[in-house]
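Please walk through the structure below, from a group of packed helices to a sheet and then to some backbone details.

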Amino acid sequence: MTYDFTTIIAREGMDALAVEGLGWGFGPKAPKEGFDFIPMWVADMNFPTAPSITRRIVERAEHPLYGYFLARPEYYQAIFDWQKRHGVSGLEKWQIGYHNGVLGGVASLMKAFTAPGDKVLMHSPAYIGFSHVLEDLGRRAELSPMKKDADGVWRMDFEDMERRLAENHIHFAIFCSPHNPTGRVWERWEIERAMALFEQYDCVVAADEIWSDLILPGHVHIPTQSVSGDARRRTVAFYSPSKGFNLSGLWNSYSIAYDRTLQDRMVKQGDMTHYNSLNVLSMHALIGAYSEEGAEWLRQLLDVLQGNIDLVCDFVRDELPGVTVSRPQSTYLVFLSCDGYAARTGRSMDDIISAAWDVGVGLQDGRPFFEPFGLRLNLALPRTRVQEAMRRLKEYVFV
Ligand SMILES: Cc1ncc(COP(=O)(O)O)c(C=O)c1O
């Protein structure tokens, strides 16, 4: 079966922050008259999800009792089977933790293993959600800037990481793999070096692997916990079908921990909130996602995303002088660097972003990601919408 990634589906009035949240938080403002809005900010997709998921939710919804429940063995089995895609086998039920969201899980782990005022190491550019969690919990971010190498590939700076870990007595790190917003899929040697540092400085590691379903062709996701026995012990890895299958509104994340102390103390933090519980329809959504049909849908999605990413990266190179992009290896996000363009034209980022929003290109400001000249674009839209957004950027914004 061939799935539909071309129909433009109206999301207005159907519970979508991406189109109803204009002016919300860091969100875009409404376009000027004459332009429709192209949502390229919130990290969800403008594609209908895999039919196996909808079917599963509808089937369960038709049984009209929604009382308290225990997660089915099938739920755990679906997770165990799905994790085999990344070479993870032998999982046991106690190693799985439930979290309403990946950020909630990261927060629980952080609460268990840091104190207010403590510094937490993470890389920049950094996903905005991490900053919010740190701020809300009274912890402080210690940012280790990533650098582009001679080929334009974003890399960790291991010397910088080590200096910051040592100088700040840091014992907790957030490791985003694959990395949002750069789309890096870390190579094994990179993860090994990072984990060796975390071992040396005795850090608990929150490995956020929420994007690991969206690995683009030619790249391989290496689970952080798989690189060494020590990494397996000191890391909790977080997952969700939300990114790969567009299920963010269903709140449905889980973690894997192999160390009983990490697991027990993190789960306790989640339990103590008294509202960190799996939703019955979300459970069925996960089972529908982590299925044979879900896997096939995902395979087709990745081809579409690769096409959109190639289109945008080629367009930026050929048509937007002074703007650069490092080709993502995962996700549906591209992170543009506008420093060359801003230096050449003297235009500010406020000016550039406002010009894009005026013509309905709902991209995201890179500054909250700690990248002064960055712009993040979500490309999980039908190709015609991506083409139209790029046309508008060339014609009205990067002039
Ligand atoms: C790296 C990363 N982690 C976590 C999240 C949010 O996950 P959740 O909605 O499950 O809290 C996102 C959403 O964009 C993300 O990019």
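Angles between axes that are under 35 degrees count as roughly parallel, those over 145 as roughly antiparallel, those from 65 to 115 as roughly perpendicular, and the rest as oblique. Such axes are lines fitted to C-alpha atoms, for helices over the stretch in contact, and the angles run from 0 to 180 degrees between N-to-C directions. The model is predicted: local features need pLDDT of at least 70, side-chain atom pairs count only at pLDDT 80 or more, and totals for chains, interfaces and linings use all residues. Residues are numbered from 1 along each chain as its sequence is written, and side-chain values use heavy atoms, with hydrogens and water left out. Helices (H or I, at least four residues) and strands (E, at least two) are DSSP runs, numbered from the N terminus.

Two packed helices are described by the angle between their axes and the distance between the axes. Helix α4 (residues 102-113) and helix α5 (residues 128-136) have axes that come within 10 Å and cross at roughly 40°. The two helices α4 and α5 are therefore oblique to each other. Their crossing is right-handed; a crossing is given this name if the near helix is turned clockwise from the far one by less than a right angle, and left-handed if anticlockwise. On the α4 side the contact (heavy atoms within 4.5 Å) is made by L103, A107 and M110, and on the α5 side by G129, F130, V133 and L134. By class, this contact of α4 with α5 holds six nonpolar residues, one polar and no charged. Here Ala, Val, Leu, Ile, Met, Phe, Trp, Tyr, Cys and Pro count as nonpolar, Asp, Glu, Lys and Arg as charged, and the others, Gly among them, as polar.

Helix α4 also meets helix α10 (residues 260-271): the axes come within 8 Å and cross at roughly 110°. That angle makes α4 roughly perpendicular to α10. The crossing of α4 and α10 is right-handed. It involves G105, S108, L109, K111, A112 and F113 of α4, in contact with T261, L262, R265, M266, Q269 and G270 of α10. The residues of the contact between α4 and α10 divide into five nonpolar, five polar and two charged.

The next part is a sheet. Strands of a sheet pair through backbone hydrogen bonds, either parallel or antiparallel. Two strands are taken to pair if DSSP finds at least two bridges between them. Four strands form an open sheet in the order β11-β12-β15-β14, with antiparallel pairing. Its edge strands are β11 and β14, each of which pairs on one side only. Strand β11 (residues 324-325) is joined to β12 by two bridges, and V325 stands opposite L336 in β12. Between β12 and strand β15 (residues 374-378) there are five bridges, with S337 partnered by G374 of β15. Two bridges link β14 and β15, and Q364 has R376 of β15 as its bridge partner.

How many residues of strand β12 (residues 333-337) are buried? Five of the five are buried, so β12 is largely enclosed by the rest of the structure. Buried means under 20% relative accessible area, exposed over 50%, and partly exposed in between (1.4 Å probe, protein chains only). L333, F335 and S337 lie on one side of β12, V334 and L336 on the other, and both faces are covered. Helix α12 (residues 292-319) lies across β11 and β12, running at about 10° to β12.

Helix α14 (residues 349-358) has M349, I352, I353, A355, A356 and W357 as its buried residues. These pack against α13 (339-345), β13 (361-362), β14 (364-365), β15 and α15 (383-397). After α14 comes G360, with a positive phi near 85°.

Some backbone details remain. Most residues other than glycine have a negative phi, and most peptide bonds are trans. A cis peptide bond with omega about 0° joins S124 and P125, and P125 sits in the loop between β3 (119-124) and α5. Another cis bond, also with omega about 0°, joins S177 and P178. S177 belongs to the loop between β7 (172-176) and α7 (188-200). With 2% relative accessibility, S177 counts as buried. Leaving aside neighbours within four places in sequence, S177 is in contact with W186, D208, E209, H221, I222 and T224.

T331, in the loop between β11 and β12, is not a glycine but has a positive phi near 70°. At 0% relative accessibility, T331 counts as buried. D202 is not a glycine either, and its phi is positive at about 50°. D202 lies in the loop between α7 and β8 (204-208), and at 49% relative accessibility D202 counts as partly exposed.
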